[in-house]
Amino acid sequence: QVQLVESGGGLVQPGGSLRLSCAASGSIASSNIMGWYRQAPGLQRALVATITRGGSINYADSVKGRFTISRDNAENTVYLQMNNLKPEDTAVYYCSYKDYRQLSIWGQGTQVTVSL
């Protein structure tokens with residue numbers, strides 16, 4: 001079983017930055033994909049970014065040029081650097097993990113609020 005622990009959410013002004021982190025532990029497969037999804041009230045959960053162990057990255061169009069996903073394979077940790085934050089980025093951000101053995105595993109969620 002894989003467990004995910006997220007940190008780094010909070011309140012930030014428009015144009016500001018936050019860095020989220022997600023540490024995976026347990027039975028980590030040698031091939032896996034980790035990423036970030038977000039969900040605002042009344043909306044479906046949506047892709048933010050994903051990254052494979054080998055470094056292949058996919059971003060949602062809404063965050064391209066502003067967010068950067070990265071991972072430290074030695075620590076099984078994925079990061080999301082969020083710059084130039086906008087009010088529409090306000091959501092609960094969920095870390096995800098997926099490998100060939102199982103369905104996606106989700107972190108507990110961390111609130112990101114962008115407001116004056």
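Colleague: Why is Tyr-37 called partly exposed?

Modeller: Its relative accessible area is 22%, and with a 1.4 Å probe and protein chains only, buried means under 20%, exposed over 50% and partly exposed in between, so Tyr-37 belongs to the partly exposed class. This is a predicted model, in which local features need pLDDT of at least 70 and side-chain atom pairs count only at pLDDT 80 or more, while totals for chains, interfaces and linings use all residues. Residues are numbered from 1 along each chain as its sequence is written, and side-chain values use heavy atoms, with hydrogens and water left out.

Colleague: What makes the pair of Tyr-37 and Trp-106 edge-to-face?

Modeller: One aromatic pair is counted by the rule, under which rings of Phe, Tyr and Trp (its six-membered ring) pair if their centres lie within 6.5 Å, with planes under 30 degrees apart counted as stacked, over 60 as edge-to-face and the rest as tilted. The ring centres of Tyr-37 and Trp-106 are 5.2 Å apart and their planes stand at 80 degrees, so the pair is edge-to-face. Because Tyr-37 lies in strand S4 and Trp-106 in strand S10, the pair ties together parts that are 69 residues apart in sequence; strands here are DSSP runs (E, at least two residues), numbered from the N terminus.

Colleague: How do you know that Arg-45 lies over the face of Trp-106?

Modeller: A charge sits over a ring if NZ of Lys or CZ of Arg is within 6 Å of the ring centre and within 35 degrees of the ring normal; Arg-45 meets this rule over Trp-106, at 4.4 Å from the ring centre, and also over Tyr-94, at 4.1 Å.

Colleague: Why is Thr-50 called buried?

Modeller: Thr-50, found in strand S5, has a relative accessible area of 10%, so it is classed as buried. Leaving aside neighbours within four places in sequence, Thr-50 is in contact (heavy atoms within 4.5 Å) with residues including Ile-33, Met-34, Tyr-37 and Ile-69.

Colleague: What makes S9 largely enclosed by the rest of the structure?

Modeller: Six of the eight residues of S9 are buried, so the strand is largely enclosed.

Colleague: How do you know that S4 and S9 are joined, and in which sense do they run?

Modeller: Two strands pair if DSSP finds at least two bridges between them, and seven bridges join S4 to S9, which run antiparallel, with Gln-39 standing opposite Val-92. S9 also pairs in the antiparallel sense with S11, over three bridges.

Terms used:
Helix = DSSP H or I, 4+ residues; strand = E, 2+ residues; numbered from the N terminus.
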